[in-house]
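The sequence and structure come first.

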Amino acid sequence: MRGYGPETFGELYADQYDAELKGKMETTTEQSVEVLADLANGGTVLELAIGTGRVALPLAARGLTVHGIEASEPMVQKLREKPGGQAIPVTIGDMADVAVDGSFDLVFLIFNTLFNLTSQEAQVRCFQNVARRLTPGGLFVVKAFLPDLHTFVDDQSVRAMQVEVDGVRLDVRKHDPVTQTIRYQRIRITSDGTRAAPLVLRYAWPSELDLMARLAGMTLRDRWGGWDRSPFNAASIEHVSVYALND
Ligand SMILES: C[S@@+](CC[C@H](N)C(=O)[O-])C[C@H]1O[C@@H](n2cnc3c(N)ncnc32)[C@H](O)[C@@H]1O
């Protein structure tokens, strides 16, 4: 999508990001913080695409040393406005390539955000970038959805996400099975006018991520069907995968 880049998400969503998640993610956030704190085991932590600090801030509040990478200055600005948000060092840049000082016992990339890297090449580089930042034996945690392509007919879908008395919100999606990309427009139509916000995702199945990890010198250590550490199986709609840097 022309004009769409790593900063676009924050430019479009920073102002409403926390408000839109309010009341929807509390249990998921608590569970993810619990699992990540356990895996960090008191060590140093780096979150890729740290956003407004939804997970990084509670981890830091537990006494862990947390750093972040983030492409969007407006998202980091929201993090800075929260209690404890000034204390978290954040490197502004593209998580596929940007260098960060220091090494980390745990790196994590959650909330499907690996798929915000819109090519296989960028995702491969991201795994390699992570491997360069990990301490020996360090862990990389990825949480992502499993692609559900049943919702597409002729590689297209339009879904009514909200229908209210004063307007409607539609998700319009176009799928490209060759590049494994989905181009979205989230469209809001109200009496005030029409607003369209784009999103581009490049999805991958867990097996492809395992190969990316292998290319970067990491091996799958655990895979769960969610933050509750339920078994990963054919009914899973998402996965939490834990990769370890090879010796
Ligand atoms: C869905 S939000 C997730 C934020 C946070 N990790 C959370 O769980 O709440 C996606 C974040 O990824 C950031 N992002 C997108 N592409 C990026 C890239 N190439 N490098 C770094 N950050 C990126 C966006 O700016 C946004 O803050």
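A polar contact is a pair of N or O atoms within 3.5 Å; within protein, one of the two must be able to donate a hydrogen and the other to accept it. The structure discussed here is a predicted model.

Arg223 is part of strand β10, which spans residues 218-224. Its relative accessibility is 17%. Buried means under 20% relative accessible area, so Arg223 counts as buried at 17%.

Two polar contacts involve the side chain of Arg223. One, of 3.1 Å, joins it to the side chain of Tyr243; another, of 2.6 Å, joins it to the side chain of Asp210. Apart from residues up to four places away in sequence, Arg223 touches Asp210 and Tyr243 as well as Pro206, Phe232, His239, Val240 and Ser241.

## The ligand site

The shell around the ligand has 20 residues, of which Tyr17, Glu47, Ala49, Arg54 and Glu70 come nearest. By type, the shell residues divide into 11 nonpolar, 5 polar and 4 charged.

- Glu47 has a side-chain N or O atom 2.8 Å from a nitrogen atom of the ligand.
- Glu70 places a polar side-chain atom 2.5 Å from an oxygen atom of the ligand.
- Asp94 has a side-chain N or O atom 3.0 Å from a nitrogen atom of the ligand.

On its own the ligand has 600 Å² of accessible area, and the protein covers 97% of it.

## Helix α5

Helix α5 covers residues 73-80, and its buried residues are Met75, Val76 and Leu79. These residues lie on the same side of α5, because they cover an arc of only 95° around the axis.

## Val100

Val100 sits in the loop between β3 and β4 (104-109). Is this residue buried or exposed? Val100 counts as buried, because its relative accessibility is 8%.

Beyond its neighbours within four places in sequence, Val100 is in contact with Ile69, Thr91 and Arg133. The C-alpha atoms of Val100 and Asp176 are 33 Å apart in space, and the two residues are 76 residues apart in sequence.

Conventions:
Residues are numbered from 1 along each chain as its sequence is written. This is a predicted model: local features need pLDDT of at least 70, side-chain atom pairs count only at pLDDT 80 or more; totals for chains, interfaces and linings use all residues. Side-chain values use heavy atoms; hydrogens and water are left out. Buried means under 20% relative accessible area, exposed over 50%, partly exposed in between (1.4 Å probe, protein chains only). Helices (H or I, at least four residues) and strands (E, at least two) are DSSP runs, numbered from the N terminus. The arc is that of the directions from the helix axis to the C-beta atoms. Contact means heavy atoms within 4.5 Å. A residue is near a molecule or strand if one of its heavy atoms lies within 4 Å of it. Accessible areas come from the Shrake-Rupley method with a 1.4 Å probe; for residues, only the protein chains shown count as cover. Ala, Val, Leu, Ile, Met, Phe, Trp, Tyr, Cys and Pro count as nonpolar, Asp, Glu, Lys and Arg as charged, and the others, Gly among them, as polar.
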